[in-house]
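Keep the structure open while reading.

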Number of protein chains: 6
Amino acid sequence: AMADDEIEAAEAAAAELKRGFETLEVTQPDPSVPVYFLYLNRPAHRNALTPISFAELPRALALLDRLPSARAIVLTGRGPHFCAGIDLSSLASLASVPSDDRAVASELLRRRILALQSAISAVERCRKPVVAAIHGACIGGGVDLVAACDIRCCDEGAYFAVKEIDLALAADLGSLQRLPAIVGYGNATDMALTGRRVAAEEAKAMGLVTRVFPSSAALAAGVTDLARGLAEKSTVAMTGTKAVMLRSRDLTVDQGLEHVATWNAAMLMSRDLEEAVRAQIEKRKPKFSKL
Amino acid sequence: AMADDEIEAAEAAAAELKRGFETLEVTQPDPSVPVYFLYLNRPAHRNALTPISFAELPRALALLDRLPSARAIVLTGRGPHFCAGIDLSSLASLASVPSDDRAVASELLRRRILALQSAISAVERCRKPVVAAIHGACIGGGVDLVAACDIRCCDEGAYFAVKEIDLALAADLGSLQRLPAIVGYGNATDMALTGRRVAAEEAKAMGLVTRVFPSSAALAAGVTDLARGLAEKSTVAMTGTKAVMLRSRDLTVDQGLEHVATWNAAMLMSRDLEEAVRAQIEKRKPKFSKL
Amino acid sequence: AMADDEIEAAEAAAAELKRGFETLEVTQPDPSVPVYFLYLNRPAHRNALTPISFAELPRALALLDRLPSARAIVLTGRGPHFCAGIDLSSLASLASVPSDDRAVASELLRRRILALQSAISAVERCRKPVVAAIHGACIGGGVDLVAACDIRCCDEGAYFAVKEIDLALAADLGSLQRLPAIVGYGNATDMALTGRRVAAEEAKAMGLVTRVFPSSAALAAGVTDLARGLAEKSTVAMTGTKAVMLRSRDLTVDQGLEHVATWNAAMLMSRDLEEAVRAQIEKRKPKFSKL
Amino acid sequence: AMADDEIEAAEAAAAELKRGFETLEVTQPDPSVPVYFLYLNRPAHRNALTPISFAELPRALALLDRLPSARAIVLTGRGPHFCAGIDLSSLASLASVPSDDRAVASELLRRRILALQSAISAVERCRKPVVAAIHGACIGGGVDLVAACDIRCCDEGAYFAVKEIDLALAADLGSLQRLPAIVGYGNATDMALTGRRVAAEEAKAMGLVTRVFPSSAALAAGVTDLARGLAEKSTVAMTGTKAVMLRSRDLTVDQGLEHVATWNAAMLMSRDLEEAVRAQIEKRKPKFSKL
Amino acid sequence: AMADDEIEAAEAAAAELKRGFETLEVTQPDPSVPVYFLYLNRPAHRNALTPISFAELPRALALLDRLPSARAIVLTGRGPHFCAGIDLSSLASLASVPSDDRAVASELLRRRILALQSAISAVERCRKPVVAAIHGACIGGGVDLVAACDIRCCDEGAYFAVKEIDLALAADLGSLQRLPAIVGYGNATDMALTGRRVAAEEAKAMGLVTRVFPSSAALAAGVTDLARGLAEKSTVAMTGTKAVMLRSRDLTVDQGLEHVATWNAAMLMSRDLEEAVRAQIEKRKPKFSKL
Amino acid sequence: AMADDEIEAAEAAAAELKRGFETLEVTQPDPSVPVYFLYLNRPAHRNALTPISFAELPRALALLDRLPSARAIVLTGRGPHFCAGIDLSSLASLASVPSDDRAVASELLRRRILALQSAISAVERCRKPVVAAIHGACIGGGVDLVAACDIRCCDEGAYFAVKEIDLALAADLGSLQRLPAIVGYGNATDMALTGRRVAAEEAKAMGLVTRVFPSSAALAAGVTDLARGLAEKSTVAMTGTKAVMLRSRDLTVDQGLEHVATWNAAMLMSRDLEEAVRAQIEKRKPKFSKL
């Protein structure tokens, strides 16, 4: 059911993924299950994000987006911590612009920040669902990253901090924009102005994560199950639901309703729907197309 | 204090309500209390919504809107479940459009979806407060429906599921637009992408319901009390608060402030306000006008 | 590092603050700590808000905004209650407009409401973080006021009520606009339509406060610590984070991202950032500039 | 290619149209041409709009919307003038609300205005293109009405005035909302604040009309040709273009682009497109489906 | 029909206006006609705007806003030119911020720009209509200023230039925000990117002015007539129309319609409306209340 | 004044541009003048746009964006016509998606349209000013393309048509989104619904072009002059003005004002400003930095 250029793109993506990354690791734990794990992979540095991370992250997500065998993605970290945020020396070099013309420096700095933001937003641009599995520290840029994910899970030892305030800057990679809708404006302000640690349980209470697992192992098992469940669902419904929710976030309710009506005018009459209805009537599990 | 055409409309509405509905039941339990119950009434089918439901629901709400004796409305379901969502065969026929011209079929499908959405949004168009009383299953279209209500209560056995994903489609009757503001964007995404059941307690924790009652009987008693309380308040304040909140949802804070200032420029100087102030000074319960 | 006119303005502000207020009290408990307390100070009237309160509140906040020695502000109330809302006789006189031309009366009333709203929004216009410390009753206008604060804390005996509905009016000083983003749309509607009391614990669960302290004394100590912590952070980061969050609240996510990128293009390359990075490398506490 | 319920609706619409209207006249000048004329038909009163007009207008447009033989609509007026605006006594009765409770009166008045607005907006809700043919006076409510049309033409003697200012009120039926996008904000303000007459030529220069014909007869012939041309085009393209433009008016450019991409995902692959492409290759006129 | 505090405010305003301004002149040419002229009054410097201008302008407009004898305002310039824009040395001092901390300097600069913008926007905050009468040069800040006016007239020798590009900066006092809605996005871009002169005739063609008079004297006479006409209209309708149009500019059409319905629910039932209807029936000129 | 990575990027861009394009031609007519011409270069096909055009266009603009020697860009066409729109066979293949699953086909089609839109929007993403020089036919996709340019000029023989309606589809590459702001909503609707030709003079009158030159040669000379003038201005001011205007297009006026204040907080204190002020005082032409 795929177009030729789609198939070609998929094969190229698979090949490029195989060549690997410097700061990331991408694996498909079980070849028979269309779930991929995307690891932040600088455990010696608590997976702090470098310019290379910011280049590789959107690339990896774009490749997974094209891969039919990837129907759900788990974003997690190697080592004891999810992510310590942006690497300190990267931050310093980001901020040091080689110009003594103030406007020239500002313009360049602005473009650099936009590029970093775009790397984070790649999680949203990816049509497949992205589940964040968080253990240990999730700080600064780490929070920016998971705030762009679709579902957030953590283990009991995980903690979160919008730490930018302690680096004397306003967080600029998305937390201030995405957190209020996730945890409420009051909780988001508290976190952003104080930079304090929020532990797993409080994170659950405020909606920052939706599931807390008792251990790191349980987290791994839990998100594997969760992702497997997502991967079994209809792709057209899954990508549609993600896309429609992201779009509705920025529209009025009426505009969002009209948008999803138009969306489903195009996407509703699928074979997957026929199969789902048939399966429900026959009281069996549906088998959705592998597009 | 009513205009002639208002009185006429009220009488016609009362007459039409008396004739009854096929899929709904409307009752006023206590004639001395201006509270109406609106039941989904297909208990044998777990109150699954059919094309007739979608036609009758906005009609019933429009009639209650015109009825001075209806100052608060409770929306609930007959039988053990609140609502199993859209009826499966209705969904199938909705999606099967008799045209082999793809564009013609899409255009017709889009209009049908808009019509269903409009039936759900009738809850918001109704000026009176609508309290959802949920027990048993509240699934798919059921969630769309309660998401449009003003206050949601349930008993301990109730559960909620944005089940459309398992029918291979993106929910298109309002849940994806209204839930994020109610439960937070993260909880909404988790529910919409996984289709999982959310039980009463979790629903309370995430703000999906604001009150959980220990039993079905307690729920009935509780919402009756709640609705009675709403019905005792000033109508002009009640309808104003509902209207202003719905409008503010889609405006910036500044625009919302200016809007409510303009609203109250028109609506504040009421007899009810005079009465409320007087009652407060005299430390007695106010008696508001029955408009 | 301040401009001449800035210094002048700061001195004038200090002098004016010293002259005091009729309905407020402003203190700096510890001259060595740049934290100010702003008290609602009509304890005999449960700090009910009068026209004078509405005039003094924005004035006090504007003065504190200009004062370099004020880097964090605590807003609280003298006596056993935080605030009983708008004073009843003030409300009555607000609503009684001396004109028998309905349009003239409406126009004047609208301007009066806009003026009151502006007094509440002064909390947001103030660039410094404002922490609300709430004990006892926080009702009506009191909720409007704390909803505009950046962080809300209370003690266990505090309770909240959007009480306007019982005065037969739609709340028009910001609660209907700001609460939904703080506590979720469902909780906000429940509070606004019923006017019911929400106790400390429930307030915490819904995000209305982020911290509950076991006693009034613990609250005082807690917010003092919290405010001191805020005051120690970089001013440019603190005011930037507050401003960016307020702005992002009314923009789409993409617009908000571009906005903060532009903001940081101007504000990121600060000495505070250099100091923060150096301090982190040297594993010591940073010393931020006192601007 | 129509669904059964569509056919039924079309037949019912045709029957109802045949029964006629009190203030309107609907004709299909040439049964072989799918163009309808909708006349304001109170020439003795310069087609001033009464409550009946406001009830009949949306009804007539809804019926034409369902009629396959109506592929383009011309809205014009019988007699020497297009429309003198809202009828004076109707306005007086609109404003006189039988309640001495100010809030009750305001609420009722607000609903009445919303109902009148909805009658005007029916022109936009109609999926078919509506061409206004204006001669003589087009004043007040007349301008509101034509501002909601898709294309506006007039003869040389026509003139336009946003006359509400001289009735001591702010225009509330759409001119203040729609005119600025049509004629520019400056021209709209000039018209609305002064109430001055704008003659045909100036109307053309500011974009209020797009075509001026030298005489009333030439106008009739011109719009007939224009409407015939519209009626020959693909219906799916025509209704799509109208709908997409109206929606884009209220979205950001990026949101509008995504919206039309989704729209065309549903509507592009039509037989009309195949026919259009084939016709273009064969250098002949296309024959579009009559849906 | 005025409240006591209104009368007091009016008297204070009259007194302050009498004391005069350094860079402005305010006159009421004919005491029997409620029209005021507000002159930019630094003819030796082509009325270039200084920090004092930016302080006096909003002050003068706020005073005129409170003055019942001012029902229309003409904004014009003494000497041969309307306004040469922001004074060069003022610009230089604005941009030279006495801090070597880049962030501190930026923050201060941002606040200064916001203050200048607020001075320009005072024209919109003034509830009365403001007519710009432009002769000679209208450059840079001059264009920002007239873009905020309600009606713009000029004589044949007038010319306009968004000159900021030639000072190596992006215009930041409103032209880039307000011009596109007035002259169209394409004309606005051409003017802003090239900084070229637009003469009176082209300004008329693109909607930048709505009336061009053949000479400076004719301009003075013309705007006097125009303003006198505005001053004769109903104040409640005039201020309402201005306010509603400004608000609608930033809302969707549907939101704007609901807003004006709410507005008129408050403001429509005026004595002026009764008088207007009566006058129209009696075919005489209405006499509106002097509020 | 450039960063190392900037220099590298510039050199790579120059090299890639030198390798040339299949459907485009890029030239710098005068090496001493930082103006580039970007030609649509399929004159035998009236420069109809193919999939390759849509791939090359954003690439070429991204390269020019990085090139310091490109300070202004002229977009024009080789041969007698500017652009005949999207190539017919490209359109046919775009619409024929190789899937018999309706939803799969729709999803793929939607992505293809988004990709084409992105190619057009590349004109706006390019920070440098892009001037369209239009002669002969500018149809369909050609109008989409020029609507995204900053300034539009044409010769007297040019004509414009939003021709998609005659291909039985709703235009989906930006005309329906961008034209209304350029020519007014009424002119845009007329063009889009009728598909009629608009000649140069009418295009000028409605703001679609801002300059009409008497001949093709005059057009070439005129835009060369115009672009040279743009290239002489301060780059920081030019890119800032373009960026701020594009952003303000989608914000409220207040949001736009705050945005440009923040922008200039970062970008105002440039050497170019100092030079501009000095030059103005010394009454000489400024020499801006070549960044």
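**Helix H10 of chain D**

Of the 14 residues of H10(D), 12 are buried, so the helix is largely enclosed by the rest of the structure. Buried means under 20% relative accessible area, exposed means over 50%, and partly exposed lies in between (1.4 Å probe, protein chains only). The model is predicted: local features need pLDDT of at least 70, side-chain atom pairs count only at pLDDT 80 or more, and totals for chains, interfaces and linings use all residues. Residues are numbered from 1 along each chain as its sequence is written, chains are lettered from A and ligands numbered from 1 in the order in which they are written, and side-chain values use heavy atoms, with hydrogens and water left out.

- The buried residues of H10(D) include Thr235(D), Val236(D), Met238(D), Lys242(D), Met245(D) and Ser248(D).
- Helix H10 of chain D covers residues 235-248; at 1.5 Å a residue its 14 residues should span 20 Å, and its end C-alpha atoms are 20 Å apart, which agrees.
- The expected span is 1.5 Å times one less than the number of residues.
- Helices (H or I, at least four residues) and strands (E, at least two) are DSSP runs, numbered from the N terminus.

**Chain D against chain F**

- Contact (heavy atoms within 4.5 Å) involves 46 residues of chain D and 42 residues of chain F.
- About 3700 Å² is buried between chain D and chain F, with carbon and sulfur atoms giving 68%.
- Met245(D), Val253(D) and Leu257(D) supply 18% of what chain D buries against chain F, more than any other three residues.
- Buried area is the accessible area (1.4 Å probe) that two parts lose on being put together, summed over both.
- There are 3 salt bridges between chain D and chain F; a salt bridge is a side-chain nitrogen of Lys or Arg within 4 Å of a carboxyl oxygen of Asp or Glu.
- Asp190(F) pairs with Arg211(D) in a salt bridge, with the closest N and O atoms 2.8 Å apart.
- The interface of chain D and chain F also has 16 residue pairs in polar contact (both at pLDDT 80 or more).
- Several elements of chain D each supply at least two residues to the side that touches chain F, among them strand E6 (151-155), helix H9 (216-232), H10 and helix H11 (253-267).
- That side of chain D divides into 25 nonpolar, 12 polar and 9 charged residues.
- Ala, Val, Leu, Ile, Met, Phe, Trp, Tyr, Cys and Pro count as nonpolar, Asp, Glu, Lys and Arg as charged, and the others, Gly among them, as polar.

**Chain C against chain B**

- Chain C brings 42 residues to the contact and chain B brings 46 residues.
- The buried area between chain C and chain B is about 3700 Å², 68% of it from carbon and sulfur atoms.
- Gln177(C), Tyr185(C) and Leu193(C) supply 20% of the area that chain C buries against chain B, more than any other three residues.
- The rule finds 3 salt bridges across the interface of chain C and chain B.
- Asp166(C) forms a salt bridge with Lys233(B), the closest N and O atoms being 2.7 Å apart.

**Asn264(F), facing chain E**

- Asn264(F) sits in helix H11 (residues 253-267) of chain F and is buried at 2% relative accessibility.
- Its side chain makes a polar contact with the side chain of Asp172(E) at 2.7 Å.
- A polar contact is a pair of N or O atoms within 3.5 Å; within protein, one must be able to donate a hydrogen and the other to accept it, and residues adjacent in sequence count only if both atoms are side-chain atoms.
- A polar atom of the Asn264(F) side chain also lies 2.9 Å from the backbone oxygen of Ala170(E).

**Salt bridges elsewhere**

- The whole structure has 128 salt bridges over all chains.
- Arg247(E) and Glu258(B) form a salt bridge, with the closest N and O atoms 3.6 Å apart.
- This pair crosses between chains, from helix H10 (residues 235-248) of chain E to helix H11 (residues 253-267) of chain B.
- Arg247(E) is partly exposed at 23%, whereas Glu258(B) is buried at 7%.
- Glu124(F) and Arg249(F) meet in a salt bridge (3.0 Å, N to O).
- Glu124(F) and Arg249(F) are 125 residues apart and link distant parts of the chain.
- A network of salt bridges links Glu6(A), Asp65(A), Arg127(A), Glu107(F) and Arg111(F).
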